[in-house]
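Here is a note for a colleague who is meeting this structure for the first time. Please read the points below beside the sequence and the model.

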Protein chains: 2
Amino acid sequence: MESPPVSADVDALLADLRADLGPDAVLDGAAAGARHHVDWSGKHACPPRAVVRPRSTAEVAAVLRRCHAVGQPVVVQGGMTGLSGGATPLPSELALSLERITGVESVDADGGTLRALAGTPLAVVQAAAEDAGLAFPLDLASRGSCTIGGNVATNAGGNRVLRYGTTRELVLGVEAVLADGTVVSSLYPMLKNNAGYDVKQLFVGTEGTLGVVTRVELRLHPLPAERVTAFAGVADFDALVRLLGAARRGTAGRLSAFEAMWPDYYDYAVRHAAGGARALARPHGAYALLECEAAETADRERFESLLGELMEAGIVEDAVVARNLDEAARLWRPREAAGELLGGLQPSIAYDVSMPLVRLPAYLDDVRRAFRAAQGDRPLFAFGHLGDGNLHLVASLASAADANQVDRIVYDALRGFGSVTAEHGVGTLKRAWLGHSRTAEEIGLMRRLKAALDPRGILNPGRVL
Amino acid sequence: MESPPVSADVDALLADLRADLGPDAVLDGAAAGARHHVDWSGKHACPPRAVVRPRSTAEVAAVLRRCHAVGQPVVVQGGMTGLSGGATPLPSELALSLERITGVESVDADGGTLRALAGTPLAVVQAAAEDAGLAFPLDLASRGSCTIGGNVATNAGGNRVLRYGTTRELVLGVEAVLADGTVVSSLYPMLKNNAGYDVKQLFVGTEGTLGVVTRVELRLHPLPAERVTAFAGVADFDALVRLLGAARRGTAGRLSAFEAMWPDYYDYAVRHAAGGARALARPHGAYALLECEAAETADRERFESLLGELMEAGIVEDAVVARNLDEAARLWRPREAAGELLGGLQPSIAYDVSMPLVRLPAYLDDVRRAFRAAQGDRPLFAFGHLGDGNLHLVASLASAADANQVDRIVYDALRGFGSVTAEHGVGTLKRAWLGHSRTAEEIGLMRRLKAALDPRGILNPGRVL
């Protein structure tokens, strides 16, 4: 890890920030609580030099102007739910927390747009959309803690990418503060706008390295009358792919989630997070959780009969459809528990790779074989957003020191055709592997952008690049 | 218009390019045909100094390396169907035509992706997707002439943005050549990839000012079993908005087009492009063309009964549903003819503004009033992609010299809440109005990007910025 530039006089800077923002806006020592030390990866916890908590975009600009002037590195913090170390401080960084810049500012139900401050939790955004009779379809298991600003900065994916795309497709506008304190307002409610470069793209998925997102304008979608959840057991990967294809075609694009689980993961999750209650009578070679959005009862009936036809055709071995929200939550439970199960598996390491679907079974075989050779019979769980070609792997390690060995197994096997991170982002933990998924020319272009927007390298240094 | 930098010795440069690419790759004088002089706007036709026609990405790189070295400005040309002057040469520019870099390279039917060279016409891409049982849903009236590289460079919109988004949402990867000849390959078939900055965004919608797109990887969608086209007459704008909302909700997201036409445009288009054949018996206050994608017969039936319910509720006054592709084409004809009708209206000028739907009726009233005061009873036609808040206006002018007066009327009325270009892009023709829709900080950021990627300003100079 490269060491960040050291500020000439941090104490003087903190005194200036207290004068600018008020004393309660700057926490240091023990006041800068442990939740600011590490993201949900749990890796490399480190206290920041201080936590700065601006209350407005103007205050974020004031903080960055001062940090830029003295070359003080800053780590941007939202809900701390990232899994790539992006929000975990490096030594001597100031943590810039968006926790006090929070709230849904407006909802335009006719236009289908919503404006929110960056520190607003995703679940609050979802609820505000639903109160207006609409949906903000981005959905992740961390919805109660992750913030919409963090979702934008990391281009979060989640369960409904299949139908609605990643966060990038759901963001109409962004307000961001550049490293030098310039506020760039690119907040538009228009669905289409080709008036010059789409500058908001600079702040979507760049993990806070090019600017700090302070406000977002989001695109809402119609709220489906019902979300029908089904759970299916199939024989193998080929059957999963055939089920996915049939479900997409048969629902005319209304399939909103298709989550695959392999038996080792499903069995473990049922045992540890669902009280042992299996959704189907017998074990199967692979499992799929499907969600279909229904406009009316006929859509549910058609989805149910589609599953019936797929059972008769032998593609599905067994399936169950939730009759109400409680049953749906029970079907989702083993999949949703992935994050918390990770905690019980330490030392362990989580991956989120992606590749064309056709490559996936051979890739998984390769990784399992190499992992077994290196780590013996320890668990290597596989599950993920199959409709997006996005596979999550969780490896239980004999020792935390084995992480690099397993990284190499997982990433070397996809070099040339896959991505080392489909949705979690690079942060610090995957930085060394970026070259597996991006060419030298692409990385050169990223560096050009970083140099153009943050010439002193104060914003999230060492993340991504 | 700022004059572009003048190359030291263009004749020597052309001799070098002939040596590099072969003599038939460089056309000058009369050989550089009139189709290279102006885009479909028809404004400010100008012959380029020469037309250069590379056959490969490597040849594009060779051309740009030489132009970069001597500061020779280049205008990038695809199908020449733009309406903003972006591909129209400025004096002494070389035209870099992608016309020989053409063809669909591969289709992955299982993965739902397609790779094509930049000069491939959109209609060829659509056909290749359909041959594989899938759809590339981008669709514009110029589909036979516009190229996929131009679609990407301008982030084309068109008829199905409502369901599938603009070109940006349909592009998985791009290969582009930077001003200095560096080839950046960012061609990935993955649906999700957060491995570092999404560098392809630099080349989508930046109108060839940051790099020349040479190859694209596209996302395909399931091919609907049927596209059901309907045409409805309603009383007024409010009824259009209610029809749009009801159709979106009632089709559970399967509504793929919603084109509004005001009576002056519709009547003119029927008379001049459809042999006078009106689709409905009586005249109405406004018209809507709807397209709904159907997975099976039940979807068509439900769409038809939805329209019936809306007639009973008084929202729709009259409607007709096409029974076959011929009837659908006849319903589309008045809308599709917009481009060719423009030719018969000279002098005239076309606009494509966008704004939140709720602002649209007052905006249209304001513009009509000011236009009448300035231009009397001349036609001002209104139609557009209402589902996207995107309004097309075509103004017939007393004199071509009135263009600036009418620009001011159309653009001043949306300052602060609308975009001067929803989909056509800025080019040269809307450059003076960019500040109506973008803040000084946004334009500053665009300039930073331009300086970082094209420091000598040789790529499409004077376009956008």
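1. Chain A can be laid on chain B with an RMSD of 0.0 Å by a turn of 180° and a shift of 0.0 Å along the axis, which is the relation of a two-fold axis. The same surface serves both copies, since 100% of the contact residues of chain A recur in chain B, where contact means heavy atoms within 4.5 Å.

2. This is a predicted model, in which local features need pLDDT of at least 70 and side-chain atom pairs count only at pLDDT 80 or more, while totals for chains, interfaces and linings use all residues. Residues are numbered from 1 along each chain as its sequence is written, chains are lettered from A and ligands numbered from 1 in the order in which they are written, and side-chain values use heavy atoms, with hydrogens and water left out.

3. Chain A holds 14 helices and 18 strands, which are DSSP runs numbered from the N terminus (helices: H or I, at least four residues; strands: E, at least two). With 465 residues, a compact globule would have a radius of gyration near 23 Å, and the 23 Å of chain A agrees with that; the radius is taken over C-alpha atoms, and the globule rule is 2.2 Å times the number of residues to the power 0.38. The C-alpha atoms of chain A fill a box of roughly 70 × 55 × 45 Å along the principal axes.

4. Of the 465 residues of chain A, 61% count as buried, a term that means under 20% relative accessible area, with exposed over 50% and partly exposed in between (1.4 Å probe, protein chains only). Among the contacts in chain A with a separation of 6 or more, 73% come from residues 24 or more positions apart.

5. Strand 14 (residues 286-294) of chain A is mostly covered, with 9 of its 9 residues buried. On one side of this strand lie A:Ala286, A:Ala288, A:Leu290, A:Cys292 and A:Ala294, and on the other A:Tyr287, A:Leu289, A:Glu291 and A:Glu293, all of them buried. Strand 14 of chain A pairs in the antiparallel sense with strand 12 (residues 226-234) over 9 bridges, where A:Thr229 stands opposite A:Glu291. Strand 13 (residues 255-261) of chain A also pairs with strand 14 in the antiparallel sense, over 6 bridges, and here A:Phe258 stands opposite A:Leu290. Two strands count as paired if DSSP finds at least two bridges between them.

6. A:Leu220 lies in the loop between strand 10 (212-219) and strand 11 (221-222) of chain A, and is buried, with a relative accessible area of 5%. Leaving aside neighbours within four places in sequence, A:Leu220 has contacts that include A:Val107, A:Leu114, A:Leu134 and A:Phe136.

7. In chain B, 4 strands form an open sheet in the order 1-2-4-3, with mixed pairing. Its edge strands are strand 1 (26-28) and strand 3 (74-77) of chain B, each pairing on one side only. Helix 1 (residues 10-21) of chain B packs on the sheet, touching strand 1, strand 2 and strand 4 (94-97), and its direction makes about 145° with that of strand 1; axes are lines fitted to C-alpha atoms, for helices over the stretch in contact, and angles run from 0 to 180 degrees between N-to-C directions.

Terms used
Least-squares fit on C-alpha atoms with pLDDT ≥ 70 in both.
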